[in-house]
Amino acid sequence: MCYRVSLLEEDFAAKLERILRDGFRLCDACAGRIYGLRGYGLSNVDRGRALKTVLLMKGYRSSGGPVDEALIKALAETGFKPAQELASKLGIEFEEKTCSVCRGIASRYREYAEAAAKAASGYEFSTFQVGSRVPPDVRRAEEDLWRLYGLSDAESLKSEANREIGKIFGEITGKEYAPEKPELVVVVDLGTGEVEVEPSPLYVCGRYRKLVRGLPQNPWPYSDERVKYDTSIEELIATPIVEAAGGEGAKFHAAGREDIDARMLGTGRPFVVEVKKPRRRSLDWKKVEEEINRRSQGLIEVLGLRRCSGDVVKRIKTLAELARKKYRLRVVFKKPVDEEKLRLVEEVFRDAVVSQRTPTRVLHRRADKVRKKAVYSVKARKISDRVVEFEIECQGGFYVKEFVHGDEGRTQPNIAELLENEVESIELDVLEVEEVA
Ligand SMILES: [Zn+2]
């Protein structure tokens, strides 16, 4: 008994029959889509034709007997060819109608895919995704139908369009569909047929050495006597990369920054360039690196340029604060420096913790708070009576100049206080930034 009840409930064709008798005309795809979440390995067109075939068998018996003219006419009007042939044979008049739900969209997937492939042809990509915009009236028609007939296993037109256009797009271009992080997304407007192409950014990472003082990391917005060059590290690195990739601009991310008047030496500072809308992705990175270095004319030098994933941007940002840094400072003191006190400095700051209140010089853009930072080692070498060269290894985000002069007691403990001396000038070089990429 239960079996029979469930059979009745599962009478798929009966629902389509009611829909047709109520005057809706569904194309094969839309007819199949009302049970789109049922069955496997069948396209919605297959499903739709199967249901229509069942209804045609119901409406006509070739051995004679009553003919359901209304049903055959309705089926013919949906564009179902066997029903149209039968109707013509029986003299039933019919007029093929545009699909009540998709308005013909489901028959144009190849057209959309071809337009999308054409729009994408200027871009290098190996993986893609297809998205679509469904006209609001079509979406409403679809939702009304679901509600009216309690269609809980229906697939949406949007989902079908994305899949079917994607299949054809993949065949035409020979590229691979990627459920995550595709290199290219095409969005088709199913109403107007317009296609938008959205290439995902290209990420290129490497390390830079800054060989001069007075060069800012980013374009400097206001006049500043410390700035000695009319360019920036960002411009010097990003411009040749954007040109090589045929992109439309870039974002520059670095693992922290050095002062304008500090150099960045040693192994360099990690960075990532995020190229917007690149047309090319496979590039000879060694050549691009050489081009950056050639154009930079000794201001900076880039090493280890290569393609990387977008995750590196996040890592560079979160770890910039923690990455271990090594600095070299040349400090001129007011009074002669006591050699013994220098040894004391080295001892006190071996694996020490220093409390640092936000320096007065950055208070205009940073909140005033106390940070605790690790100092791993300080090495001091006297150059002359009042000049000492320090090599300081410390945690990222540490204001190392303030650590030397004390910033009027805002950094505690500090080197000047231990030396019972005052600082006249500091020259700073960054020697190492721990690899985070
Ligand atoms: Zn349709």
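**View 1. Pro 413 sits in the loop between strand E13 (411-412) and helix H15 (415-419).** The peptide bond from Gln 412 to Pro 413 is cis. Its omega is near -15°. Helices (H or I, at least four residues) and strands (E, at least two) are DSSP runs, numbered from the N terminus. This is a predicted model: local features need pLDDT of at least 70, side-chain atom pairs count only at pLDDT 80 or more, and totals for chains, interfaces and linings use all residues. Residues are numbered from 1 along each chain as its sequence is written.

**View 2. Glu 420 has a positive phi although it is not a glycine.** The value is about 50°. Glu 420 lies in the loop between H15 and strand E14 (423-433). Is Glu 420 buried or exposed? Glu 420 is exposed, because 10 other C-beta atoms lie within 10 Å.

**View 3. Asp 351 is a residue other than glycine with a positive phi.** Here phi is near 50°. Asp 351 belongs to the loop between H13 and strand E10 (352-357). With 8 C-beta neighbours inside 10 Å, Asp 351 counts as exposed.

**View 4. Lys 341, in helix H13 (residues 339-348), is the focus here.** Lys 341 has 15 C-beta neighbours inside 10 Å, so it counts as partly exposed. Which residues does Lys 341 touch, not counting residues up to four places away in sequence? They are Leu 418 and Leu 419. A contact means that the C-beta atoms of two residues, placed from the backbone, lie within 7 Å. Lys 341 and Leu 418 are 77 residues apart in sequence. In space they are 7.1 Å apart, C-alpha to C-alpha.

View 5. Buried in H7 are Tyr 109, Tyr 112, Ala 113, Ala 116, Ala 117 and Ala 120. The buried residues of H7 pack against strand E1 (127-133), helix H9 (157-173), strand E3 (184-189) and strand E4 (195-199).

**View 6. H7 packs across H9.** Two packed helices are described by the angle between their axes and the distance between the axes. The axes of H7 and H9 come within 8 Å and cross at roughly 55°. That makes H7 oblique to H9. Angles under 35 degrees count as roughly parallel, over 145 as roughly antiparallel, 65 to 115 as roughly perpendicular and the rest as oblique. Axes are lines fitted to C-alpha atoms, for helices over the stretch in contact, and angles run from 0 to 180 degrees between N-to-C directions. The crossing of H7 and H9 is right-handed. Among the residues that meet are Tyr 109 and Ala 113 in H7, and Ile 165 and Phe 169 in H9.

**View 7. Leu 202 is found in strand E5.** Leu 202 is buried, with 27 other C-beta atoms within 10 Å. Leaving aside neighbours within four places in sequence, its contacts are Ala 245, Gly 247, Val 275, Pro 278 and Arg 281.

**View 8. Val 227 lies in the loop between strand E5 (202-210) and helix H10 (233-245).** Val 227 counts as partly exposed, with 16 C-beta neighbours inside 10 Å. Beyond four places in sequence, Val 227 is in contact with Gly 214, Pro 216, Trp 220 and Ile 260.

Key: A residue is buried if 20 or more other C-beta atoms lie within 10 Å of its own, exposed if 12 or fewer, and partly exposed in between; C-beta atoms are placed from the backbone. A crossing is left-handed if the near helix is turned anticlockwise from the far one by less than a right angle, and right-handed if clockwise.
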